[in-house]
Amino acid sequence: MSFALLMKDEIRGFYKSKVMIFLWIGLPLLTMLFHFWSSLQGGGIPFTALSAIITSGIGGTLASVMLTVSIINEKTQHVYDLFLVRPVRRWNIILSKFLAVYACIAVASLLSLLLGLIIDYINVGSVSGTVLNDTVLSLATSFSMMAVSSSAGVLIGVVSPSVLVGVILVIYGGNQISALPIIPTILNISNATLFTITFGTVTTSIMLVLAIFLFNRKQL
Amino acid sequence: MGKPPDNDVSILLEGVSKRFGNFLALDNVSFRVNSGEIFGYIGPNGAGKTTTIKIIVGLLSDFQGNLSIGGHSMPKERSEVHKMLGYLPQNVAFQEWRTIDQALKTFGKLSGLGKNETEERIKEVLDLLNLSLERYKKISQLSGGMNQKLGLAQALLHMPRLLVLDEPLGGLDPASRHQIKQTIVKLSKAGTTVFFSSHILSDVQDIATKIGILNRGRIIQMGTLEELKSRFSVGNDVEVVLSYDSGHWKELESFKGIRGIEQPIPNRLIVHVDEKSNLDDVIQDLIEQLIVLGCRIRSFNPLSPSLDEVYLRFVQERENT
């Protein structure tokens, strides 16, 4: 009950911060602009691949910075005190925040990919099996990268003493970690999608468990 | 230990100590607050009041000693205690994107209230705290006083049987302070135990049924206001208000049983009576002599020390030792 309520609240807060509008409308538009620019340059990167790079790159970074800043601010202002003196488990606070932000950027990512499929369909006339395979891989890659990025944002938010330190850590550390799931694709190994998803899930889980453990131990 | 009775909301601290690194914030603190009491917790800045409060509400769980609330051991049975607890932290803060309405709805539901009950209680507490007109205002737009009132609203929302308030009256205008003090007294009469800290000693004096003075992490005095006053002797001072001042009262300064006379403002005398003398005898002689000396007396009152004086005296005594 409290978990669902907290998550609904977090999504509402995310919506109110207007970042969600940027993600849902701005990111697909930005991807489209990049696609046309790339076509004019003669590069012609498939839209689906481009959207994965942009949503995970910009969306992932934005999500992790948002999570870090939000957790540090709420922690230092003792906002959580009012939740923790009620029958609410500490992990609910952390996990609801992570899932709310992740759900929002996942929707943005899906919207971008959907737009990519439509544009590729218009350009080529049909969506081939290769394109669909690429789409699945790009979806798995961007979802995994964003999950790692967001969980890094949560972990850094929990351990950082100040917003400045948190943002520096997210930009220089979180982004590097979020690139880990792309390794199977770069190495061109078979079953790259499966490896990417596994890599992303395991890394995200480890960071979230660590964040929850540290948040539980913290004397707020 | 058997199941504690539902109406027991007493607080019992036994030898509670808390250390932050090398700093000993609380040193062997022990006291009891009975169900339905209003406990005023006072002390200088950094004395350990907020640390005690955070331990009581379960936000600090790493401490030495024993703490039991309503028969439930803390922090082990924290979830049981949280069901009956309303808490207002010092410098209360909320997520700023929320409106008052959204914040209270969330806290109501998290405290276990149903949808309709939450709605009813929000209306009641907002009416009580004169916040009804601001119900749909964003928290980021609230003044400091309104934010404090919202803090109180969330603490009272689910009708808790134990209210723990850290500086509840700070930042409020006199009318709101009066209103909140009345609310606290009313809740206490209905059986709610209230534990509050404050720097405004006159407010503590007005409503607390028991007072604890904390200094440098140690309880230095504990009791009702009358008990504290009786332990603290300011001598037998008497206030005399004159309707006519002949000015000859100065001759009484060397009168038997009188240590000195002050005139803080015209027509008002503070007579310091020797503690060894019999107050009744000295007063009788004083009245007669003032009349003989041509003064006309309007009123005559033995002076009682205020909580401010008691507090300063106890804290200073402890500092000197």
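Okay, so let's start with a term: two strands pair if DSSP finds at least two bridges between them. Strands themselves are DSSP runs of E, at least two residues, and helices are runs of H or I, at least four residues, both numbered from the N terminus.

Now the bookkeeping. Residues are numbered from 1 along each chain as its sequence is written, while chains are lettered from A and ligands numbered from 1 in the order they're written. This is a predicted model, where local features need pLDDT of at least 70, side-chain atom pairs count only at pLDDT 80 or more, and totals for chains, interfaces and linings use all residues.

pLDDT is the predictor's confidence in each residue, from 0 to 100. For chain B the mean is 88, with 96% of its residues at 70 or more. The model's ipTM is 0.82 and its pTM 0.80.

On to the sheet. In chain B, four strands make an open sheet, ordered 12-13-11-14, with antiparallel pairing. Strand 12 (258-265) and strand 14 (296-302) of chain B sit at the edges; each has a single partner strand, so one side of each has no neighbour in the sheet. Zooming in, strand 12 of chain B is joined to strand 13 (residues 268-273) of chain B by five bridges. B:Ile258, for instance, has B:Val273 in strand 13 of chain B as its bridge partner.

Last, the interface. Which chain does chain B touch with 22 residues? Chain A, through 20 residues there; contact means C-beta atoms, placed from the backbone, within 7 Å. Helix 3 of chain B gives the largest share of chain B's side, four residues.

How values were computed. Two residues are in contact if their C-beta atoms, placed from the backbone, lie within 7 Å.
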